Amino acid sequence: MALELKNVAKKVGADTHIHPTNLTFEPGSFNILLGTTLAGKTTLMQMMAGLEKPTSGEVWFNGSNVTGVAVQKRNVSMVYQQFINYPNMSVFDNIASPLRVAGLPKQEISKRVGEMAELMRISEMLDRRPSELSGGQQQRTAMARALVKDSDLILLDEPLANLDFKLREELRDELPKLFAERNCVVVYATTEPTEALLLGGQTAAMHEGRVVDFGPTGEIYRHPSGLTSAMVFSEPPINLARAQVKSGWVLLDEGVSWKAENGLAEGAYTIGIRPHHVSPVSRSEKSVVIEGKVKVAELTGSESIIHFQAHDYPWVSLSHGVHPFESGRFARFYADMSKCFYFDEDGRLVDLAAAGEAA
Amino acid sequence: MNKTVNQKAWFFVLPVLILVAFNAIVPLMTVVNYSVQETFGDNVFFWAGLRWFEEILRSPRFHDALGRQLFFTGTILAIEVPLGVIIALAMPRKGPWVSVCLVLMAMPLLIPWNVVGAMWNIFGLPELGLLGKTLNTIGFDYNYTRQPGDAWFTLILMDVWHWTSLVVLLAYAGLVSIPDAYYQAARIDGASSWAIFRYIQLPKMKRVLTIAVLLRFMDSFNIYTEPSVLTGGGPGNSTTLLSIDLVKIALGQFDLGPAAAMSLIYFLVILLFSWIFYTVMTRGEEQ
């Protein structure tokens with residue numbers, strides 16, 4: 001029961017919300033749509049569900065074209081960022097509502113609602129109304145309603161965004177387990193790269209209405225297909241700088257240089273290095289020193305995020321431990337350039353392994 | 001921690017206290033004062049105790065006026081609330097027509113009350129009013145100045161025309177505050193439009209509708225200007241509502257004592273009904 005998007009696009013007036021997109025989600029897979037707000041995640045999901053009709057292209061499900069089929073006739077569930085429940089129904093009735101519409105016998109309904117409530121740990125709340133529950137419990141109710149009916153396609157649109165940190169962690173932990181035994185397609189939209197990494201599965205990185213990268217989540221993170229994908233999938237934002245490769249050396253604009261990797265052709269590149277590879281303390285002798293003026297130092301309990309300006313570029317360093325810096329002072333940072341990405345003029349990632357073999 | 005005592009604060013609330021005293025407490029107490037005394041003019045008063053209250057509560061005239069008042073309020077609520085909700089549901093939620101609809105809906109509310117009364121007075125005239133003439137031409141024997149039934153019909157039609165908009169605007173405000181996601185979730189569930197209304201729109205409108213009913217109840221129970229301009233309480237006493245009767249007693253006959261007693265009973269009736277309604281409607285919401 002695979003979900004296939006074939007050249008699906010959505011235009012509203014003169015605006016293109018989704019550029020022609022091709023995606024295939026296998027049954028039993030956990031898929032993440034990662035992108036900032038307005039990247040098109042929700043629109044894409046609504047087209048998958050049948051809530052919105054694509055302007056062009058086709059949606060196929062389980063080998064048949066379902067492009068024009070109304071959402072009621074597909075077997076779809078959706079969970080929203082807002083906690084959507086029927087306000088004057090009890091939690092039990094809320095969870096039971098899709099089963100009642102489907103016309104299941106009473107016994108079967110209360111059995112399944114009971115099981116689902118137990119799984120979601122809201123068994124004690126079944127008699128209450130949604131307004132009498134905490135945010136986390138309301139969202140669990142909404143999830144229970146979405147999961148109770150054995151859908152072929154389950155869409156979760158930033159379901160954890162409105163929850164507090166602790167609950168988010170808890171639910172994030174439980175989520176993949178809930179879907180593990182099902183043979184349905186799960187699509188999960190999020191704006192947070194960290195959340196995507198924790199959830200695993202496959203990720204489609206989205207930017208301005210395009211899917212810029214798609215593959216196993218860890219893979220996409222370690223080998224982004226290009227500059228946009230790397231930017232979408234980095235929090236804090238990835239450090240970017242212009243660089244020249246000349247006679248075996250990489251030269252950064254500000255006169256910093258290091259020995260080029262094997263096979264890196266001469267020319268202009270954009271280098272990208274994730275903040276956690278830039279540290280205020282030297283970790284290896286090969287580290288390249290970047291000097292810059294500290295702008296802001298955000299110190300959390302166990303991590304330091306330091307924003308600094310090195311010549312023309314804003315840089316971010318993310319390191320363990322507490323490293324206090326005064327803003328306005330110059331400081332030295334150590335970048336592990338063996339971990340950096342090289343993007344060519346078109347923004348594509350240069351595959352160093354392949355380039356090395358070819359050389 | 002030490003609490004700072006600042007007696008100067010009283011000074012700052014003084015203007016409000018004076019204002020409230022003069023526009024609410026003093027007039028109310030004057031009425032209370034009149035209601036327990038008898039006067040023959042010249043500012044000479046005699047203690048009357050609860051005599052006026054007994055008289056009013058036993059008078060068939062008051063019972064009739066109260067009955068008419070309840071009938072009027074009940075009827076207009078039964079028409080305006082469902083009608084207002086239906087119109088609000090039919091109004092567009094997005095697009096250029098929203099403001100057109102809103103302005104149209106707000107129009108009747110902007111017209112001064114005595115103008116509304118005068119408008120309908122002329123509108124309904126059997127010889128030259130658009131409504132009266134049309135009804136008579138197509139064969140109805142319509143004359144609101146002579147037939148009580150017609151007077152009631154016109155009175156209620158006028159109030160529905162004038163005030164349904166208020167219910168529409170409040171219900172509409174409740175409707176547009178429902179996020180799209182609710183409708184989508186209902187579509188995914190395969191809910192019918194009745195189910196959407198019953199389980200999403202109605203519960204989400206409950207608060208504003210409570211306010212709408214309360215406002216309409218209190219306003220219609222107090223209504224004076226429009227019926228007084230339209231029918232003056234007639235023909236006979238057939239449309240003499242409480243407020244019209246009150247003015248007749250107080251200003252027409254200058255019976256200050258009974259009028260004051262009636263005012264207080266009138267006030268307590270409104271208070272009682274509003275309180276019961278509000279308590280019932282908001283009962284399950286405390287937690």
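Across the interface of chain A and chain B the rule finds 1 salt bridge.

I noted that the model is predicted, that local features need pLDDT of at least 70, and that side-chain atom pairs count only at pLDDT 80 or more, while totals for chains, interfaces and linings use all residues. Residues are numbered from 1 along each chain, chains are lettered from A, and side-chain values use heavy atoms, without hydrogens and water.

Next I looked up the extent of the interface: 23 residues of chain A and 17 residues of chain B take part in the contact, meaning heavy atoms within 4.5 Å. About 1700 Å² is buried between chain A and chain B, with 58% given by carbon and sulfur atoms; this is the accessible area (1.4 Å probe) that two parts lose on being put together, summed over both. On the chain A side, Leu51(A), Ile84(A) and Tyr86(A) lose the most area to chain B, together 26% of what that side buries.

I then turned to chain B, which is divided into domain 1 (29–58 + 255–287) and domain 2 (70–247), with bounds from an automatic or database domain assignment. Their contact takes 12 residues from domain 1 and 14 residues from domain 2.

Notes: Salt bridge = Lys/Arg side-chain N within 4 Å of Asp/Glu carboxyl O.
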